[in-house]
Amino acid sequence: LGDLLPNNPLYQFTICVALSGPLLNFVPVGSGGFHFFGDSSCGKTTLLRLASSVWGSLQDMIRAWRTTDNGLEGVAEARNDLLLCLDEIHQADTTKVASIIYMLGNEMGKQRSTRTGQARAVSSWRLLFLSSGERSVEGKLKELGKEYTAGQEVRLASIPVKKEDVVDLHGFPDSGAFTQAIELYASEVYGTLGDAYLTRLTAEIETVREELPSKLQTYAETLLRPYPGCSSQVKRVALRFALCLCAGVYASHWELLPGSEMELQQSVQKAFELWLDERGGEASNEKIRVLRTVRSFIETHSASRFIPMVRDSEIELRVSNCVGLYDKISHEYIFYTEAFSTQVLSGYHVKQACKYLLEEGWLITSEKGKFANRRTYEGNRFSCYVIKLPSEDQEEPDPVETDNLNDGSDCDSGVSYAMDPSISEIDFS
């Protein structure tokens with residue numbers, strides 16, 4: 001089975017994930033997982049079966065998303081320091097998905113009491129988990145109109161899967177035959193790699209304990225080198241990718257996996273880039289959602305809810321539910337302040353959202369220290385927010401210093417992530 005992994009990045013990455021659980025004991029990275037999603041028969045379930053075969057039979061290792069968070073507590077506790085696989089997220093109760101993600105990532109179950117009112121022991125665990133489905137986690141949550149929050153994203157990162165991800169067929173006629181071979185081997189030979197890995201890890205445990213924090217830092221810095229301005233959320237998830245790389249490199253050095261350290265590093269980097277592309281970049285989750293919201297509103301309503309400042313004729317123009325003006329010359333959308341706050345950015349902290357828009361060069365200001373602008377139309381001067389979307393061929397704007405513009409709260413503060421001083425002080429620059 002190992003002979004089919006080289007030159008297939010997602011398959012190598014999946015094995016690295018499967019081997020990462022036992023390393024959680026040595027560095028406070030925290031439990032979390034990866035969600036593979038894509039069209040039917042694209043190979044996402046094959047990846048779960050491949051990972052499961054590291055530790056046991058498919059029947060024992062893979063569980064369905066169609067379960068309760070209570071039922072998963074016992075399963076997660078039994079998988080402590082190992083791997084948990086959840087297949088077919090589309091079968092899950094959407095109302096339970098978010099709570100399951102938080103529960104698995106927070107490493108403990110619910111607090112319950114006995115009939116006499118005494119507190120029962122709380123289930124706890126440390127583990128890496130894999131998930132699969134035809135939709136991303138964000139897509140699944142949107143079924144009920146729920147947002148994909150930063151807390152959910154740092155605990156379960158969505159990675160798209162395509163048939164084209166099988167780069168090297170290793171002699172098989174097509175990707176279908178290749179994945180069938182993977183599944184056949186996984187169902188017939190399992191547990192061998194996991195046993196051998198634990199044997200070597202136990203023998204080298206003191207060495208691993210001493211050197212793993214520095215290895216983790218080095219690999220995380222390598223993953224993040226192309227993204228010097230990334231958010232703290234991206235850095236946190238990068239640590240989990242880096243831990244997977246550490247596990248793969250150990251297995252390679254112990255001659256349990258084919259492939260060099262460089263090849264494994266390229267595979268994990270590829271998976272990391274797929275995740276970043278899917279989420280929309282290296283900015284914070286909150287910033288990405290604000291940018292998507294503003295762009296979506298303009299693309300949806302640009303022709304119906306804005307009054308053109310330069311008209312093609314003198315015919316009276318009536319705009320229903322108007323939110324502002326559109327300057328055809330400068331391509332600026334001039335929002336009335338109240339409409340921008342209540343209709344476009346409803347549910348967001350307006351000052352923080354404006355800070356994100358200014359950082360990206362979307363928000364046009366006229367006075368330093370203020371987000372709102374002043375414009376004149378038909379003799380009337382009014383306060384407004386001016387947005388200009390970048391053209392597709394326009395280069396990314398330079399970052400704008402916004403520290404002195406407002407006292408907006410740190411949107412990352414809602415994410416709890418335990419780190420000890422040796423990891424929390426990593427310099428990701």
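Strand 10 and strand 11 form a hairpin with two residues between them, and Glu 378 in the turn has a positive phi of about 50°. This is a predicted model in which local features need pLDDT of at least 70, side-chain atom pairs count only at pLDDT 80 or more, and totals for chains, interfaces and linings use all residues. Residues are numbered from 1 along each chain as its sequence is written, and side-chain values use heavy atoms, with hydrogens and water left out.

Trainee: How many bridges join strand 10 to strand 11?

Mentor: Strands (E, at least two residues) are DSSP runs numbered from the N terminus, as are helices (H or I, at least four), and two strands pair if DSSP finds at least two bridges between them. Strand 10 (residues 373-377) pairs with strand 11 in the antiparallel sense, and the number of bridges is five.

Trainee: Which residue stands opposite Tyr 333 in strand 11?

Mentor: Strand 8 (residues 332-336) runs antiparallel to strand 11 (residues 380-387), joined to it by four bridges. In strand 11, the residue opposite Tyr 333 is Ile 387.

Trainee: Is Thr 14 buried or exposed?

Mentor: Thr 14 belongs to helix 1 (residues 9-18). Buried means under 20% relative accessible area, exposed over 50% and partly exposed in between, with a 1.4 Å probe and protein chains only. Because its relative accessible area is 0%, Thr 14 is buried.
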